[in-house]
Amino acid sequence: MTIETASALGAEDPGASAVRVVGVPASHPYVRRVTEAAGVELLPDPPVPGAAEGVWWPPVALDPAWIRANAARADVLHVHFGTESFPAGHLTACVDAAREAGWPVVFTVHDLTHPQLTDQQPYRAQLDELVPRADAIVTLTPGAAAEVRERWGREAIVLPHPAILGEGETPPVVALSEDLRVGMHLKDLRPGTDGPTSARALVAAVARLRASGRSVVAEIRMHRTVRDEAARDEVRAAVAGHPFVVLVEQGRLPDAALNTALAGLDVCVLPYRFGSHSGWLELCWDLGVPIAVPATGHFGDQHDDDSTAAFEPGDADSLATALTTLLSRHEAVARPGSLARAELVDERRRLRRAQDARTASAHADLYRRLRSERAS
């Protein structure tokens, strides 16, 4: 993974005044993490009329009138999430307003295919508005940068995803299980998740591993309230009658409970049919959990170590191969609840600490350079 250095980004004098950044959205954990650098002031999200406290969508700051009214309060506009809330042409108007205000525009391409949307055409049109017009493009993986280059002829700065497990969070303690536990979380069955096909593939893959002599069980989790009730019923049917599969239907877990659930897995399977990058994958990596990733998007590009193995979405044979690969690598050395797993989490936390500091510094350098160029 590539992190641009300060010199490569053309940083200006570190003693210069703080760069005031409108991050869209400022309250998102990712955005907070990448702006935790000296000399960066992240402006808070403007409150959303009629919304509960803490709700940032649709982002009020991503509005031409708001940008013009707050021109003197900031130096840079950095767009991350929430663009799908707006109609065609709105983002072009926002970029134009930012330019009038003297703000350079940065766009981080998290999603080249949007996991929350069934119809991708409006989102593709938004990318066509933002990517060519932004002053700088950031993305998370070399593969995504190559796709940006191919589609728009723009060079993206590659800055990896920061840690999900917080610096002050204590890694969960879990019991060592005799069975090898493979988990998959379908959450609320959003469009990018194929719950029924993924569940059937996991059941079949685990059956193959058990037939080969491995004592493997599957744990599938799903929210009680889902977007597609017919798909939920198919998931239930897919696991019914299989004694080595448990289906857990639950509310949205608090962070600590989610960390504990994931930490008890030997492998986590991502159930995505499309998408680009995954914060869930990053949390698993923080917790030392190997990840089976679908061979789509750029999930396999997020970490260049042996923590992932790819499979074709919905294909039981390739999933069984990926699970066998990951279990063979890790079951003897870093099982859940083992000292080796705890040591792996500690080592990854140290790596993250250094990497995240470099990533935040690179963002700060980019903001300073763009501000300096805009002022000259």
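Is Glu219 buried or exposed? In this predicted model, in which local features need pLDDT of at least 70, side-chain atom pairs count only at pLDDT 80 or more, and totals for chains, interfaces and linings use all residues, Glu219 is buried, with a relative accessible area of 10%. Residues are numbered from 1 along each chain as its sequence is written, and side-chain values use heavy atoms, with hydrogens and water left out. Buried denotes under 20% relative accessible area, exposed over 50%, and partly exposed the range in between (1.4 Å probe, protein chains only).

Glu219 takes part in a salt bridge with Arg181, at 3.4 Å from N to O. A salt bridge is defined as a side-chain nitrogen of Lys or Arg within 4 Å of a carboxyl oxygen of Asp or Glu. The two residues come from distant parts of the chain, Arg181 from strand β7 (residues 180-185) and Glu219 from strand β8 (residues 216-223), 38 residues apart. Helices (H or I, at least four residues) and strands (E, at least two) are DSSP runs, numbered from the N terminus. Arg181 is partly exposed, at 25% relative accessibility.

The count of salt bridges comes to 24. One of them joins Glu331 to Arg214, with the closest N and O atoms 2.7 Å apart. Glu331 lies in the loop between α11 (316-330) and α12 (339-375), and Arg214 in the loop between α7 (195-211) and β8, so this pair ties together parts 117 residues apart in sequence. The relative accessibility of Glu331 is 27%, which places this residue in the partly exposed class. Within helix α12, Asp365 and Arg368 are three residues apart and thus separated by about one helical turn. Their side chains form a salt bridge at 3.3 Å, N to O, and both Asp365 and Arg368 are buried. A network of salt bridges links Arg232, Asp233, Arg236 and Glu249.

An open sheet of six strands shows parallel pairing in the order β2-β1-β3-β4-β5-β6; two strands pair if DSSP finds at least two bridges between them. From one strand to the next the twist averages 30°, where axes are lines fitted to C-alpha atoms, for helices over the stretch in contact, and angles run from 0 to 180 degrees between N-to-C directions. Strand β3 (residues 76-79) runs parallel to β4 and is joined to β4 by three bridges. Val79 has Phe107 in β4 as its bridge partner.

Pockets were located on a 1 Å grid over the protein atoms alone, a pocket being an open set of points where a 1.4 Å probe fits, with protein on both sides within 12 Å along at least five of seven lines; lining residues have an atom within 4 Å of a point. Grid points are joined across faces, edges and corners, and a volume is the space filled by probe spheres set on the points. The largest pocket holds about 1700 Å³ of space. Its lining comprises 50 residues, with His28, Lys187, Arg190, Arg252 and Gly279 nearest the centre. At least two lining residues each are supplied by α2 (29-34), β4 (105-109), α9 (255-263) and α10 (279-286). By class, this lining has 20 nonpolar, 20 polar and ten charged residues. Ala, Val, Leu, Ile, Met, Phe, Trp, Tyr, Cys and Pro count as nonpolar, Asp, Glu, Lys and Arg as charged, and the others, Gly among them, as polar.

The second largest pocket has a volume of about 270 Å³ and is lined by 15 residues, including Arg33 and Asp356. Helix α12 provides the largest share of this lining, eight residues.
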